[in-house]
2 protein chains.
Amino acid sequence: MQVAILLFEDFETLDVFGPVEIFGRLTAHYQVTFYSQTGGLVKNQHGVRIDTMPLEKIRGGVDIFLVPGGYGTRKEVNNFLLIDTIKQISALSRWVFTVCTGSALLAKTGLLDSRMATSNKKAFDWVVTTGDKVNWVRKARWTVDGKFYTSSGVSAGMDMTLGFLKDIHGLEFARNVAFEIEYDWQEEKDHDHFCGQ
Amino acid sequence: MQVAILLFEDFETLDVFGPVEIFGRLTAHYQVTFYSQTGGLVKNQHGVRIDTMPLEKIRGGVDIFLVPGGYGTRKEVNNFLLIDTIKQISALSRWVFTVCTGSALLAKTGLLDSRMATSNKKAFDWVVTTGDKVNWVRKARWTVDGKFYTSSGVSAGMDMTLGFLKDIHGLEFARNVAFEIEYDWQEEKDHDHFCGQ
């Protein structure tokens, strides 16, 4: 399956590379490619500069489309051209993932209306303003509603990706991947002790 | 403090970007830069292509020099020019980090002789062959011996980096960073349930 990662200026590092570590190592099942609005090098505040293809190439949708969070989302929620492209690709993709404040970008498209979604706990009050018809779930490590997987902050993207592997390949498969990367997988999507509620 | 990340073909994604997430967000304290033997784009099997500077620029050492693991280490342990450069930079740097099989590259320099070090559990039997004078510790999430921090597999690099923050800035500081990225930090470096011993 084709996994397309959206990048934009000031994306959050681990939102992206946690899931990429997990999908990337499963070369028999998944192939990861990075995209941005115009293609080329995309940088963030952590000193990362990564090469991308233009989003234009996946206008017809992909198997999995992942939208990360980060400070850049504060700017990109007002980038109507990007939001429109996210909407088109998401509508035509088999699954859509968001990590952290990436759910704000997807909420802006309207595709999360009447659906469950979550986000980073520290940015939650801002994120909910990006979609007033979304069923925002404050206390969740991640949520699944139809083809939409949305995770809580940063590290939660790894737990959600392993949760997706469980849904597709079974629990033992997912546990084996977590073990290979020596990761303590938080297996329960509703368990969230970062929520404070 | 300057954090220099070594990249080479087929580095492990999370070995690099776990620590980068943690150092990168602490912009008041740390600045992350990526290096490779000749500079330019470095790619891995997970579809990642990262822009780097040539290692030549940090021959005089840095504050923190991080050597990741990954399949690429199997080839690079025989790259004598790279090992020699790692040796020179490590000798002149204030701290040296390895994640996963990155400890094989550092062991090859001889700088870990008579020092404690650990590595990925699945590759452990290979890694120990790269330095027969190293005090290899099989059961450890990470080890600290003088200026050398070495971690177990992949995700353990995040726990070690948070452990470093504890050593430098105190426990509460490190816990706050873990909380911000909603990460369940494994705080005890000697606790390792991936070891099987």
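The chat below covers cavities first, then rings.

Reply: This is a predicted model, where local features need pLDDT of at least 70, side-chain atom pairs count only at pLDDT 80 or more, and totals for chains, interfaces and linings use all residues. Residues are numbered from 1 along each chain as its sequence is written, chains are lettered from A in the order in which they are written, and side-chain values use heavy atoms, without hydrogens and water.

Me: How many cavities of 30 Å³ or more are there?
Reply: Two. A cavity is a set of points on a 1 Å grid over the protein atoms alone where a 1.4 Å probe fits but cannot get out; lining residues have an atom within 4 Å of a point. A volume is the space filled by probe spheres set on the points.

Me: What is the volume of the largest cavity?
Reply: About 60 Å³. Its lining includes Arg141(A), Tyr183(A), Arg141(B) and Asp159(B).

Me: Switching to rings. How many aromatic pairs over all chains?
Reply: There are 23. Rings of Phe, Tyr and Trp (its six-membered ring) pair if their centres lie within 6.5 Å; planes under 30 degrees apart are stacked, over 60 edge-to-face, the rest tilted.

Me: Why is the pair of Trp95(B) and Phe164(B) edge-to-face?
Reply: Because their planes are at 80°, with the centres 5.0 Å apart.

Me: Are those two buried or exposed?
Reply: Trp95(B) and Phe164(B) are both buried (under 20% relative accessible area, 1.4 Å probe, protein chains only; exposed is over 50%, partly exposed in between).

Methods
1 Å grid on protein atoms, 1.4 Å probe; cavity = no way out; pocket = protein on both sides within 12 Å on 5 of 7 lines; lining within 4 Å.
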